[in-house]
Amino acid sequence: PGFNLASLGWQDWEIENYAGLEIWNYMSNFKGHLDSPLKALAVALNPDKYIVGPRTETLSKWDQLLSDGRKVAAVGGSDAHGLIYRMGPFSRRIFPYEYLFKAVNTHILVKENLKGDFDDDRQLIFDAIGRGNSWIGYDLLASTAGFRFTGQSKSKGIMGDVIRMIDGATLQVKAPLKCKITLLRNGEIVAEAENDKHLTHIPADTGAYRVECKLNYKRKERGWIYSNPIYLA
């Protein structure tokens, strides 16, 4: 592989009318560590040791867009290609599909059960992704299945939904395992829970509320779950 690769992140923020933003690309995280042949070899042999979460700059940009009142759904992916990396006479398939499909994934919640009809089911899935009825999970650490971030006032909602704060509201987080749970409003921390599976918060202000969950893995705290926002209005 090449070293000191330039960022492939999107830079033209004058563009409009987009619905989403990829906040975490596993292979881009990997490539960001290729600053020397020895470092590349170390990362290739133990990639999960070096991947800790999305880039802070990306999360900050997302929070800025949300603070500006934009509804921008986040997605994440492993960027799976099953590539073989070579260094001189040595080669190694360090990212087989079985490995990458267990890494960074976007989990969606559909509004109704899939029926087995291709066109209808495809539309349900696309709608869920576009609305942000989803979360990004680093499932390599532990499965994120079962995560939920919900809110209720006079109506109930999930990630990606708008909830009206008529007479107050309540936000609830449920994680699959005990972890560090952080609730953010427009990028600012408003509530945290250490080593817990649950967090409940009564918000005082409108805004875009999203959740981050972190786990300790191989002696380092790593990003595990990144929810899409619930919009309180």
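Hi everyone, let me start with two residues: Trp24 and Tyr138 are both buried. Please keep in mind that this is a predicted model.

How are Trp24 and Tyr138 arranged as an aromatic pair? They sit edge-to-face, with 5.1 Å from centre to centre and 65 degrees between the planes. Now look at where they come from. Trp24 belongs to strand β1, residues 20–25, while Tyr138 belongs to strand β6, residues 134–138, so this pair ties together parts that are 114 residues apart in sequence.

Across the structure, the count comes to seven aromatic pairs.

Next, charges over rings. If you find Tyr18 on your screen, you will see Arg70 lying over its face, at 4.7 Å from the ring centre. Then go to Tyr231: the charged end of Lys71 sits over that ring, 5.1 Å from its centre.

Finally, something for those of you who think about cysteines. How many disulfides does the structure hold? The number is zero. Take Cys179, which is in no disulfide: its nearest cysteine sulfur belongs to Cys213 and is 4.0 Å away. Cys213 is likewise in no disulfide, and for Cys213 the nearest cysteine sulfur is that of Cys179. Why is that not a disulfide? Because a disulfide needs the two sulfur atoms within 2.5 Å, and here they are 4.0 Å apart.

Are these two cysteines buried or exposed? Cys179 is buried, at a relative accessible area of 3%, and Cys213 is buried too, at 0%.

Definitions and conventions:
Residues numbered from 1 in each chain as written. Predicted model: local features only at pLDDT ≥ 70, side-chain atom pairs only at ≥ 80, totals over all residues. Heavy atoms only, no water. Buried < 20%, exposed > 50% of the residue type's maximum accessible area, 1.4 Å probe, protein only. Phe/Tyr/Trp six-rings, centres within 6.5 Å; stacked < 30°, edge-to-face > 60°. Helix = DSSP H or I, 4+ residues; strand = E, 2+ residues; numbered from the N terminus. Lys NZ or Arg CZ within 6 Å of the ring centre and 35° of its normal.
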